[in-house]
Amino acid sequence: MFQPEEHGLEADFRLTMFSTLRGGTEIVSNTAKNNDDYIGSGMDCAVIPLSRHKQYSLVQTVDFFYPLVDDPETMGRIALANVLSDVFAVGVTDIDKVEMLISSPSNLTDKQRDIVVPLIMKGFQRATEDSGCYGNLTIKNVIVNPWCIIGGIATAVCRKQDIILPSNGRAGDVLVLTKPLGTQLATSSYIWQKEKNEKYQSILSALSDVDIEETFQIAINSMTYLNRNAALLMHKYEAHAATDVTGFGLLGHAKNLAEFQKQQLLFKIHTLPIIKNVLKIGQLVGQNTKLTAGRAVETSGGLLICLLPEAAEQFCQEFENVTNGAQKAFIVGELEETDKSAVILSDNVEYIEVTL
């Protein structure tokens with residue numbers, strides 16, 4: 001766990017104190033719906049066919065968010081995973097350029113800034129290893145503003161056959177999710193533990209400090225894990241469509257994906273895999289309504305993928321194998337024919353507790 005004083009910071013320094021908002025940026029628009037080659041601002045990233053090079057497309061995303069953990073280096077790793085996830089969601093696994101976006105809070109002291117900002121950069125840069133990124137990471141400048149903002153721009157130029165457009169879901173497909181839910185409550189509970197506040201005391205009525213720390217570490221393991229292996233397996237198992245699950249929660253992103261399909265489809269969610277202890281924490285602090293409804297905000301969440309049922313079973317098994325059991329994928333829903341695209345949560349939804 002992060003110890004500020006080991007880096008020359010005050011013992012009570014907390015990076016999360018420099019964000020008034022938690023979560024990330026998201027844009028929803030239907031301007032690019034159902035185009036065979038082009039995606040505008042409607043999904044995770046832009047996919048733009050190149051007029052002068054007909055066989056290639058430009059794939060690009062811009063994403064940033066605010067600190068949700070106090071360890072600057074870990075925060076950098078999460079930010080990189082969050083940015084690249086948008087590109088991985090369309091099956092693109094080789095990225096030509098990554099530029100980091102970072103701002104330093106104006107109320108950081110000079111000493112704090114000179115320690116914290118390089119640590120965030122270090123985590124972001126280290127996370128590019130084995131990420132499919134080519135070339136050097138670009139960091140043009142550090143902006144000073146009231147908030148700490150961390151993110152980046154990821155760009156790839158790739159052949160059209162290397163892209164899995166998010167519009168070809170079919171009735172009979174099942175939905176696979178490649179990370180568990182509950183990152184916001186998992187990280188918040190660890191902050192409450194540090195603050196020794198009323199919510200922390202409520203949690204202690206049923207869970208221990210060790211439980212809180214285990215839950216937090218599972219969330220870190222999940223958020224820092226790159227979705228690249230999932231993107232590679234999307235090609236092997238011929239995925240029909242995908243999106244990543246972040247600021248709008250599972251049902252919010254499933255709704256956006258459903259509305260982007262060429263066919264009218266009902267996305268029915270029947271299973272919610274949730275990080276160990278998070279469901280209990282939500283109950284203890286009275287904040288489980290969005291979580292149990294599949295609408296809790298996530299950061300650097302998994303890919304939600306449409307696959308044939310037989311392919312989905314194999315995908316989940318191989319995903320666990322290639323990650324040496326460190327990550328898991330789950331079948332969480334199914335697609336059905338309908339008159340108007342929609343997303344619903346089953347009445348008898350199953351909650352799975354996940355340990356990584």
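This is a predicted model: local features need pLDDT of at least 70, side-chain atom pairs count only at pLDDT 80 or more; totals for chains, interfaces and linings use all residues.
**Helix packing and the mixed sheet**

Helices H6 and H10 are oblique to each other. H6 covers residues 228–236 and H10 covers residues 309–322; they pack at an angle of about 140 degrees. Angles over 145 degrees would count as roughly antiparallel, so the value of about 140 degrees leaves the pair in the oblique class. The axes of H6 and H10 are 10 Å apart, and the crossing is right-handed. On the H6 side, the contact is made by Asn229, Ala230, Leu233, Met234 and Lys236, and on the H10 side by Phe315, Glu318, Phe319 and Val322. By class, these residues divide into six nonpolar, one polar and two charged.

H3 passes H8 in a left-handed crossing. H3 contributes Leu185, Ala186, Ser189 and Trp192 to the contact, while H8 contributes Val278, Ile281, Gly282 and Val285. The residues of this contact divide into six nonpolar and two polar, with no charged residue.

The next element is a sheet. Strands of a sheet pair through backbone hydrogen bonds, in either a parallel or an antiparallel sense. Here five strands form an open sheet in the order E1-E2-E5-E3-E4, and the pairing is mixed. Strand E1 (46–49) and strand E4 (143–145) each have a single partner strand and stand at the edges, so one side of each has no neighbour in the sheet. From one strand to the next, the twist averages 20 degrees.

Within this sheet, strand E3 (residues 97–105) and strand E5 (residues 149–159) pair in the antiparallel sense over seven bridges. Met100 has Gly152 of E5 as its bridge partner. Helix H2 (residues 110–127) packs on the sheet and touches E3 and E5. The direction of H2 makes about 155 degrees with that of E3. Helix H1 (residues 72–88) lies across E3 and E5 as well as strand E2 (56–65). Relative to E2, H1 runs at about 145 degrees.

Conventions: Residues are numbered from 1 along each chain as its sequence is written. Side-chain values use heavy atoms; hydrogens and water are left out. Axes are lines fitted to C-alpha atoms, for helices over the stretch in contact, and angles run from 0 to 180 degrees between N-to-C directions. Helices (H or I, at least four residues) and strands (E, at least two) are DSSP runs, numbered from the N terminus. Angles under 35 degrees count as roughly parallel, over 145 as roughly antiparallel, 65 to 115 as roughly perpendicular and the rest as oblique. A crossing is left-handed if the near helix is turned anticlockwise from the far one by less than a right angle, and right-handed if clockwise. Contact means heavy atoms within 4.5 Å. Ala, Val, Leu, Ile, Met, Phe, Trp, Tyr, Cys and Pro count as nonpolar, Asp, Glu, Lys and Arg as charged, and the others, Gly among them, as polar. Two strands pair if DSSP finds at least two bridges between them.
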